[in-house]
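Take a look at the fold below. The paragraphs after it go from single residues to the whole chain.

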Amino acid sequence: MSNTLSLPPELVYLPLGEEAIPLLKRGFIPLLPATASGLPWLLPPPAQAAPLRIAAEDYLTHMHAEYERLPDNLRSLISRDDFLRQAESKRADIEAALVAQRKARAEEDIGKPEDWLLQRFFSDPYCPLAWQQTGGFHGIWLGIDPQQWPDAQFQPVSYQTSRASRLPDSLCCDPAAQAPLAEQRLICALASVDKSIQVGQQRQWLLRLPPKALRVVLLGAQIPRRFEQGLLQFWQQDFRYQRIPLAQMRFNNRDLSWEYQLRPLTRAENP
């Protein structure tokens with residue numbers, strides 16, 4: 001009887017390394033700041049130099065509006081033309097303030113990448129290119145059922161030639177050449193996630209993973225022996241995950257394809 005595992009089509013997969021064991025013990029997955037995702041096209045573009053002056057027409061429109069905002073008793077004491085003449089000596093400061101306002105408004109409209117967290121998931125567990133994206137074949141993939149995690153909103157990546165103009169939509173736009181990855185992303189506002197830990201030089205935010213959403217764990221074809229044994233031992237001991245299958249990634253030389261074989265948990269596999 002074959003022990004090859006048939007994977008449900010609706011799952012999304014989160015690649016993790018040896019940090020998976022302490023994370024699963026606590027019941028969390030990690031989220032990274034969008035600017036630390038490792039994807040160069042998600043980095044914010046270089047800041048453009050602000051114009052030194054604004055158009056004369058825009059300046060006059062602003063000053064006319066400022067004049068109209070004057071209380072009636074002040075407007076009765078100064079004409080519009082005198083108001084403009086008196087303001088001319090401060091024109092440089094007024095224009096600088098207008099430039100700063102426009103810049104702040106533009107940043108507010110577009111959003112700041114540092115205000116968003118994301119995690120990368122993949123849809124095709126048989127795609128070697130996807131495995132090589134994060135840790136290669138030395139890690140594991142958590143197979144997660146989005147239907148069992150209603151609080152998490154997974155978004156398929158749009159592979160296109162231009163980026164969405166605003167956040168967080170732009171965090172789900174990748175170059176068309178990346179389309180074989182069939183990636184999905186979980187994107188959260190930084191302000192909505194209250195747990196974080198420091199890992200080396202990087203801070204990771206933590207999002208609780210319901211145990212019922214975890215359907216399978218895939219072991220990479222080159223998973224280190226120590227990591228593998230630690231994972232098997234943890235799986236035997238933690239009642240939340242004992243019924244969730246572990247499957248080893250293997251290459252089928254007959255069909256020249258990848259497959260996943262169930263790993264029975266026996267005492268012989270204990271370290």
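**A walk through the model**

R166 counts as partly exposed, at 48% relative accessibility. Buried means under 20% relative accessible area, exposed over 50%, and partly exposed in between, with a 1.4 Å probe and protein chains only. R166 sits in the loop between β6 (158-160) and β7. Helices (H or I, at least four residues) and strands (E, at least two) are DSSP runs, numbered from the N terminus. Across space, the C-alpha atoms of R166 and K112 are separated by 9.2 Å, although the two are 54 residues apart along the chain.

This is a predicted model, in which local features need pLDDT of at least 70 and side-chain atom pairs count only at pLDDT 80 or more, while totals for chains, interfaces and linings use all residues. Residues are numbered from 1 along each chain as its sequence is written, and side-chain values use heavy atoms, with hydrogens and water left out.

The next loop residue is A182. It lies between β7 (173-175) and β8 (183-189). A182 is not a glycine, yet it has a positive phi of about 45 degrees. Most residues other than glycine have a negative phi. A182 is partly exposed, with a relative accessible area of 29%.

Now go to the segment before β1, where L7 lies. Is L7 buried or exposed? L7 is buried, with a relative accessible area of 13%. L7 touches Y13, P125, Y126, V216, L218 and Y260, leaving out residues up to four places away in sequence. Contact means heavy atoms within 4.5 Å. L7 and R215 are 208 residues apart in sequence, but 9.5 Å apart in space, C-alpha to C-alpha.

Turn to the nonpolar cores. Such a core is a set of buried Ala, Val, Leu, Ile, Met, Phe, Trp, Tyr and Cys residues joined through side-chain atoms within 4.5 Å. The largest one has 37 residues, and I140, I144 and W235 touch the most other members. Helix α7 (residues 225-237) gives the most to this core, with five residues. Another core, of 16 residues, lies apart from it; Y13, C127, F137 and W141 are among them. What does I140 touch? Its partners include L14, P15, L16, W131, V217, I223, F227 and L231, not counting residues up to four places away in sequence.

Next comes a pocket. On a 1 Å grid over the protein atoms alone, a pocket is an open set of points where a 1.4 Å probe fits, with protein on both sides within 12 Å along at least five of seven lines; lining residues have an atom within 4 Å of a point. The second largest pocket has a volume of about 310 Å³, the space filled by probe spheres set on the points, which are joined across faces, edges and corners. Its lining has 14 residues, of which P15, E19, L32, Q119 and T134 are the closest to its centre. β1 (12-16), β2 (28-33) and β3 (116-122) each supply at least two lining residues. The largest share, three residues, comes from β3.

Finally, the whole chain. The protein has seven helices and 13 strands. Its C-alpha atoms fill a box of roughly 95 × 35 × 35 Å along the principal axes. Of the 271 residues, 40% count as buried. Residues 24 or more positions apart account for 73% of the contacts with a separation of 6 or more.
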